[in-house]
Amino acid sequence: PSDFMCAVEIGLVCFYGIELVCKLVAHGRWFFFNKDMSWNLLDLFLVVQSAYEQAIVLLSTNGAGVNLSFMRTMRILKIAKLLRVVKVLKFFTELRLIMNSVIGSLISMFWSFVMLAMIFLIFGLVFVQGCSSYLSEHGDWLLMQQPANHEMLLESFGSVQAGMLSLFKTATGVDWLVYFDLLVLVGNMYGAAFITFIGFYQIAVINILTGIFVDSALKLAVPDRDARALSLKKEDEAAREELFVLLSEIDTMNTGIINVEDFAHNLKKKNGKLQAQMTLLGLPVDSAADFFRVVSVLCGDESMSNEEEANIQAFVECCLRLKGTAANLHLQCVAGDLVHMSVMLQQQMDLCEMLAEKITTGNNVT
């Protein structure tokens, strides 16, 4: 390599080495036990291997008497640099999705090969048996009259392995008419069996295998937990910014406050952006006054001056809190609050009854 490439490689080794040291200082022993431990170990291996390689190169350049045969062996470790591509996968969603789909399909591919081998074996045995019987009876005549067909018949279906290989060639795009003509020469029944094999493979086997691989890819295409969390966060940020801009346009005086009248007026506009944005958030507003009252209760008195005015920033945050449908957790919380209120109300009623009895008893004594 040129001096420039050597300098670039040394610079990259130093950069990744500093990054690794910073991670070790920041995480301590958890560097080897957190959820990214596999990536951390990969970084550690790549940095140590690259630093060791650069040290060997520098020693050999300075004439330190390094074993050249050992240096040739060290070149094999350069293949480990390809693992850097694996590290890049966690930063590119589409690339990681493709790689996960390919890796996840390996098991399906193995069993697909097993099934195909069984199919080729069954049909191959049938064709090889037929060709063997035909050659035992008419082999001499075929060798004298059609030596080319005799040779091709032995080459294509002379053994079980050759028959399976011929069927594999047929299944992967080789012109099957060549093998069909040979089997018709053996007998019409074998020609019909060969046509049956072609139809069965093209119509049934290919579609089944395609469905299996597509199903595996769809299962692996589901984003992981971190990707889903990041996507939801981006959606919330985009919705927050869009709603804040729309509400700020209503506030023509730049006071940071909107009122019920302006909000209702903008909602009633035909093809209005505000109505569309609220609908996208899952908040179809039928009554601006009722909606403001709900928001005032949710946000509290500190953010709402009254039920007819609202701080824009607080209003946006409350809308995002109301976004979406009620989850089971929310319903259980409401049910728990109702049970708690019912218990407190019963206690107050019991206390009132006790006081009433005491008052009645006191009056009777008097």
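Helix axes here are lines fitted to C-alpha atoms, for helices over the stretch in contact, and angles run from 0 to 180 degrees between N-to-C directions. This is a predicted model, where local features need pLDDT of at least 70, side-chain atom pairs count only at pLDDT 80 or more, and totals for chains, interfaces and linings use all residues. Residues are numbered from 1 along each chain as its sequence is written, and side-chain values use heavy atoms, with hydrogens and water left out.

**View 1. Helix α12 packs against helix α13 at an angle of about 90°.** Start with α12 (residues 260-267) and α13 (residues 273-280), whose axes sit 7 Å apart. Helices (H or I, at least four residues) and strands (E, at least two) are DSSP runs, numbered from the N terminus. On the α12 side you'll find Phe263, Asn266 and Leu267, which meet Leu274, Gln275 and Met278 of α13 (contact means heavy atoms within 4.5 Å). Sorted by type, the residues of this α12–α13 contact are four nonpolar, two polar and no charged. For that sorting, Ala, Val, Leu, Ile, Met, Phe, Trp, Tyr, Cys and Pro count as nonpolar, Asp, Glu, Lys and Arg as charged, and the others, Gly among them, as polar.

**View 2. Helix α6 meets helix α8 at a crossing of roughly 120°.** The axes of α6 (residues 106-145) and α8 (residues 160-171) come within 8 Å, and the two helices are therefore oblique to each other. The crossing is right-handed; a crossing gets that name if the near helix is turned clockwise from the far one by less than a right angle, and is left-handed if anticlockwise. From α6 come Ala117, Phe120, Leu121, Phe123, Gly124, Leu125, Phe127 and Val128, and from α8 come Val160, Gly163, Met164, Leu167, Phe168 and Ala171. Twelve nonpolar and two polar residues make up the contact of α6 with α8, with no charged ones.

**View 3. Helix α6 also crosses helix α7, here at roughly 155°.** The axes of α6 and α7 (residues 147-157) come within 9 Å, and the angle makes the pair roughly antiparallel. This crossing of α6 and α7 is left-handed. Among the α6 residues in the contact are Phe127, Val128, Cys131, Tyr134 and Leu135, and α7 brings Pro147, Asn149, His150, Leu153, Leu154 and Phe157. The tally for α6 with α7 is twelve nonpolar, four polar and no charged.

**View 4. Gln146 sits in the loop between α6 and α7.** Gln146 is partly exposed, at a relative accessible area of 28% (buried means under 20% relative accessible area, exposed over 50%, partly exposed in between, with a 1.4 Å probe and protein chains only). Not counting residues up to four places away in sequence, Gln146 touches Trp141 and Leu185.

**View 5. Ser108 is a buried residue of helix α6.** Its relative accessible area is 16%. Setting aside neighbours within four places in sequence, Ser108 is in contact with Ile212, Phe213 and Ser216.

**View 6. Asn40 lies in helix α2 (residues 37-61).** Asn40 is buried, with a relative accessible area of 6%. Leaving out neighbours within four places in sequence, Asn40 is in contact with Lys23, Phe31 and Asn34.

**View 7. Helix α15 (residues 312-321) is mostly covered.** Seven of the ten residues in α15 are buried: Ile312, Ala314, Phe315, Val316, Cys318, Cys319 and Leu320.

**View 8. The whole protein has 16 helices and two strands.** Of its 366 residues, 26% count as buried. Among contacts between residues at least 6 apart in sequence, 63% join residues at least 24 apart. The mean pLDDT, the predictor's confidence in each residue from 0 to 100, is 79, and 81% of residues reach 70 or more. Confidence is lowest in helix α3 (residues 68-74), at a mean of 55, and highest in α8, at 92. Where pLDDT is low, the predicted coordinates should not be read in detail.

Conventions: Parallel < 35°, antiparallel > 145°, perpendicular 65-115°, else oblique.
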